[in-house]
Amino acid sequence: MNENSISQVDLIREVFHYQSRFEGSTMVFKIDFPVTEDPGFPGLVKDLALLAKTGFKVIIVPGVKENIDAVFKQHDIDSNFALSQDNTIRVTSSQAISYVEMAAFNVASRFMTFLSGSRVDAIIGNFVRARGLGVINGIDTEHTGTVDKIYADSLKRVLNLGMVPILPCIGWSPSGKPYNVPSDEIALAVSKTLGAIKLFIITTKDRMNAARLTPKEAELMIKSDPNPFQRELKLGLKASQAGIHRVHIIDGREEGAVLKELYSNLGVGTMIYTDEYDSIRCFHSRDLPDILRLMEPQMQKGLLIRRNPEQIQEKKDDYSVLEIDGSIRACGALHNWGENQGEIAAVATDPNYTDHGLGKKIVGYLIEKAKKSGFKRVFVLTTQSQDWFESLGFKEALVDSLPEQKRKIYDQSRNSKVFALAL
């Protein structure tokens, strides 16, 4: 089987893994207005329809800011703003609110049309109860509002029928007064209220490099200046703090971006996560096929000594694995040769994750394990990776410095170099 075939099989495994893991979960998609005008928009909605058909509960919150601007300009409506402590707020007058509704429902209808084309039922409903913001810094915001309540029971009934609810940027007071409510706020509120497993923020900005961030890392990125993703990162951070385990920021213009992000470890966008994403743990017997899969290409090239399943099982307590979202992507072993020395061996990583520093992580873990075991020194035998081990602090050493047990079985024909690290 060639490498391309192996990659395809691995992808299929990831798809099944994520499908079974998230099937039946609620996912909220906040989609910026410019995405709806991109040529790829029909394909995006088709992918959302596919998710709805295959057991996911999909909620769509369309952004509409740019369309409101266009409608106001077309009808000569003034657009005034008030400054709050956190952001700039559009003042929605009694004259303007009807045009906001026109812009909002026009965009919502675009989603309805394409979902219908994929034979998925959708509904544009009054799922948001709103209240007015009132007077801010002396300015009456009139029909500008904030989320007061999400009608969760109504949304759940719609979702349980297999339909896709679409929430425009309009909320109503108990007396029926309409308010212009920011789509970001609605997306955050509905995600929190329904316990969404994921919030997708879909934009048309040139995407950041695919990244997986903790909330702390996202916060540091927000503080970096300049950062074109300030709004998206701030929304993602708020969602994480509200209990949404995973927030994804993706470029909606990229073909199949939602599916690529949802169904693969690496993804194509930026994810902020609060649950466990990557971890290193001890080897279990069930991991044997996975670590053999990782090691086989290196063994074929002669970079690793060939090990069979029986040999690995015999030394199973020496092995550790690095998981990314439940899939094993790196492995390594720490062998005790006596004389307070340990050998770091069998280090292998998934080639698709070459740029993610997994080898460094697994070696670092094994070094810490060696320290806890009371070792004074760790060493490696390598034929072609000396530069990499030197970058981790290892120094070249003599074969005679190896523990006696290891020297006895040292393979002269391989002529491996010895690199060691004092602990």
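Predicted model: local features only at pLDDT ≥ 70, side-chain atom pairs only at ≥ 80, totals over all residues.

**Reading strands, sheets and single residues**

Q: Which strand is joined to E1 by five bridges?

A: That is strand E13, made of residues 198-203, which runs parallel to E1. Here you can look for Phe-29, whose bridge partner in E13 is Phe-200.

Q: How many of the residues of strand E1 are buried, and what can I conclude from that?

A: A residue is called buried when its relative accessible area is under 20%. In strand E1, residues 26-31, six of the six residues are buried, so the strand is largely enclosed by the rest of the structure.

Q: What is the order of the seven strands in the open sheet?

A: Reading across the sheet, the order is E17-E18-E19-E20-E21-E23-E22, and the pairing is mixed. Strand E17 (278-282) and strand E22 (395-397) stand at the edges with a single partner strand each, so one side of each has no neighbour in the sheet. From one strand to the next, the twist averages 30°.

Q: Which strands does helix H11 touch where it packs on the sheet?

A: Helix H11, residues 288-300, touches strand E18 (319-324), strand E19 (327-336) and E20, and the direction of the helix makes about 80° with that of E19.

Q: In which sense do E17 and E18 pair, and over how many bridges?

A: E17 and E18 pair in the antiparallel sense over five bridges, and within this pairing Cys-282 has Ser-320 of E18 as its bridge partner. E18 and E19 are also paired in the antiparallel sense, over six bridges, with Ile-324 standing opposite Ser-327 in E19. By contrast, strand E20 (residues 341-349) and strand E21 (residues 377-382) pair in the parallel sense over three bridges, and there Gly-342 has Val-378 of E21 as its bridge partner.

Q: Which residues of E18 are buried on each side?

A: On one side these are Tyr-319, Val-321 and Glu-323, and on the other Ser-320, Leu-322 and Ile-324, so that both faces are covered. Counted as a whole, six of the six residues of E18 are buried.

Q: Is Ser-279 buried or exposed?

A: Ser-279 has 19% relative accessibility and therefore counts as buried, given that the cut-off is under 20%. Ser-279 has its place in strand E17, and, leaving aside neighbours within four places in sequence, it is in contact with Val-321, Leu-322 and Glu-323.

Q: Is Gly-117 buried or exposed?

A: Gly-117 is exposed, because its relative accessible area is 65% and the cut-off for exposed is over 50%. This residue lies in helix H5, residues 97-117.

Q: Which residue takes a positive phi in the hairpin of E18 and E19?

A: In that hairpin, which has two residues between the strands, Asp-325 takes a positive phi near 55°. Glu-339, in the loop between E19 and E20, also has a positive phi, near 55°, although it is a residue other than glycine. Glu-339 is exposed, with a relative accessible area of 52%. Glu-142, which is not a glycine either, has a positive phi of about 50°, and it lies in the loop between strand E8 (139-140) and strand E9 (145-150). With 31% relative accessibility, Glu-142 counts as partly exposed.

Notes:
Residues numbered from 1 in each chain as written. Heavy atoms only, no water. Pairing = 2+ DSSP bridges. Helix = DSSP H or I, 4+ residues; strand = E, 2+ residues; numbered from the N terminus. Axes fitted to C-alpha atoms, helices over the stretch in contact; angles between N-to-C directions. Contact = heavy atoms within 4.5 Å. Buried < 20%, exposed > 50% of the residue type's maximum accessible area, 1.4 Å probe, protein only.
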